[in-house]
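Okay, thanks for coming, everyone. Let me put the structure up and then walk you through a few pieces of it.

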Amino acid sequence: MKINTQKKAVGRIGSKVDGYALTWRLPVIFWQLLFFVGPLLFTIAMTFFLVKNYRMTEAFEMKNWVKMMGKGYFWDSYFLTIGLASLATVVASCLAFPAAYALAFKVSENTRRWAIFFLIIPFFTSYLVRTFSWYVILAESGVVNNVLGWVGLGPYTMLNTKFGTMVGYMTLTLPLVIILQTLPIANVDRRLVEAAQNLGANGFWTIVKVIIPSARVGLIIGAVFCFILSFGDFVSPYYLGGSKPPTLPIMIIDTTKSGQQWPRAAVVAVIMMVTLMVVAFASIKYAYRKKS
Amino acid sequence: MKATEEIMGDMHQEPQIVFENVVKYFGDVAAVQKMNLSIQKGEFIAIMGSSGCGKTTTLRMLAGMETPTEGEIRLNGERINELKPSERNTPMVWQSLALFPFLNVIENVEFGLKMRGIETGERRRRALEWLSRMEIEEFADRSIDQLSGGQRQRVALARALVTEPPVLLLDEPLSALDANLVVRMQGVLSRLQKELGITFVYVTHSQSEAFAMADRVVIMSKGVIEQIGTPQEVYRKPASQFVANFVGSNNILSGSLQSMDGSSVTIDTEIGLVQANLPVDRACLQGSHLGLVISADAMSLSVDDDSSNSSRTHINQTHADQPSDNQFRCRLISEEFVGAMVTLLVETDSGFELRIQLFQKELDQIGFSESASNNGTFLWVSWSRESVYILP
């Protein structure tokens, strides 16, 4: 018996790979390789392919990269997409904060649970359906313009504008950002809040000096999610923003449709991916930065 | 108008802090009941009690974190019930310290000044001044998690005192420190309070902390003040059985008055007849019920040396040659050594437990620790009639 356990222990230390743990990790590793790393590598490879007679052929040429990055309209679109996604991030974070603060600090725990449940409900329905419902609301003869008409305002053009795009982005991201903000704000140490008030901080300064710094990581993660979702969203800029000028996701669609230019679309996709990774890593790094 | 009020206040010599019939309910639960308490400027006052007695609620009402349900709290003669926490200058040193982890040491200390709109240069100067006063100026740019417990304590003190408040509130600030550091910080706090001459209101459950530092002690139980007095008063003359019990190292007996000869009385208690002196202002009838307190350090001890039948060896030198008024045979149950002091738990023949506190030195004198420390050993416990305190 004693010898047996000893042997086992030696075996464990001897072999570097723990078979038991590996068995449980294997599905995840397999999944990631198959559905993330694989397609990613293929997309990168595809950027070097060529299209001849509407048919994609394997090659290793820089042509697609040179062509796409040399085009002014690509960069216009790139900065437009970054600008819109950044604006959406700022707007969503600002709109979400008062709601999240109220849910975290001003209501009972029960109310908070219900509110979060109701914030999840929008995800039950298709985002596309929710986007189309904005048509009815935002159209020239829609609900908003009708109401404004009664007080002698409008009609305003809201569809096919950047405002429309923004409304769509909010539809996509706002519930999630509120949820992502509520949890860290609710976890802010109440003793720190009391300490700040005790030292003379009023409501405003308590939020600025204690609640936001305390919840910083969560707030940044909420913002990052908003940026990622908006940056890659095709539906809002296409249906509510009118697709002109196009954002990068629209450009990908356009590129594939016109002349089967999958390799060039792949260039756009890879550039988007790199951009998102840089933004995400920089944000997380900033969120967790050490104060000396 | 205000000026005249202030002058009036001065004329009446109103204490700095006054609780007048203060009641605080949380739902149906009364946390504080009809509290009346006056605290003079420059006093070091300790509020003591077990958890849930209302001591922390009292402190939080003073800081504005809780609003009294009834009654009035006045600071320098002005009603402060409705003032927000941020509108008072009653900084607190918290049990958790509540230092801001996202700010470094000096930024923590500057916080209160910043909230009062004091400009950067002045702010930094005053914060540094306090850091050097607390002997932690070298850590000014450190983050909080790089500090030891004692250093954090000092940061918390500096942060609270930098705004030069008229009163400092302390909510069990030393409870997280180890025993050595507690004694050191007690010294720091006492000295600081004397130097600054401001009022310290100190909430604690630790008798040693309260007795070591406070000018006056407030003992609370179930939201009611049981006694207010100097540590000596509370220790020697507890106002109630609760206080006698709470202050610890006391033996509490109860019984009926059996006979009376002038001021000297005999009381029939759980352990038998006890001789005591009745306070001069106290009138009692035969048979009336009395509570007795005999503090553990007022008792003396002798070894029951039946076998050799030699005379008993008294430990307590001062009482050695005078006959004891009260003497009981007891059986040793347990002993506990804390440094130089030894606490013995003994049982009388009637099965009542008594607590005796002696110096190790005194015990050594009769060779107690060698020969008689077996549990179950019989001992003689005695005390003078003067050391029996009769509860009011």
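Predicted model: local features only at pLDDT ≥ 70, side-chain atom pairs only at ≥ 80, totals over all residues.

**A walk through chain B**

Residues are numbered from 1 along each chain as its sequence is written, and chains are lettered from A and ligands numbered from 1 in the order in which they are written.

On terms, helices (H or I, at least four residues) and strands (E, at least two) are DSSP runs, numbered from the N terminus, and two strands pair if DSSP finds at least two bridges between them.

Back to the hairpin. B:Glu347 sits opposite B:Glu353 in E18(B). There are 4 residues between the strands, and B:Gly351 takes a positive phi near 85 degrees.

Next, the sheet. What order do the 5 strands of the open sheet take? In chain B it goes E13-E12-E11-E14-E20, with antiparallel pairing. Strand E13 (272-277) and strand E20 (388-390) are the edges, each pairing on one side only. On average, neighbours are turned by 45 degrees against each other, direction ignored. Inside that sheet, E11 (residues 250-261) and E12 (residues 264-269) pair over 6 bridges, antiparallel, and B:Asp261 has B:Ser264 in E12(B) as its bridge partner.

Now the helices. H3(B) and helix H4 (residues 120-133) of chain B pack at about 125 degrees, axes 9 Å apart; axes are lines fitted to C-alpha atoms, for helices over the stretch in contact, and angles run from 0 to 180 degrees between N-to-C directions. So the two, H3(B) and H4(B), are oblique to each other, since under 35 degrees is roughly parallel, over 145 roughly antiparallel, 65 to 115 roughly perpendicular and the rest oblique.

Who meets whom? From H3(B), B:Ile106, B:Val109, B:Glu110, B:Leu113 and B:Lys114 meet H4(B) residues including B:Arg123, B:Ala127 and B:Trp130. That contact divides into 6 nonpolar, no polar and 5 charged residues. Here Ala, Val, Leu, Ile, Met, Phe, Trp, Tyr, Cys and Pro count as nonpolar, Asp, Glu, Lys and Arg as charged, and the others, Gly among them, as polar.

Last stop, the interface: 18 residues of chain B are in contact (C-beta atoms, placed from the backbone, within 7 Å) with 16 residues of chain A. On the chain B side, helix H3 (residues 105-115) gives the most, with 3 residues.

Definitions and conventions:
Contact = placed C-beta atoms within 7 Å.
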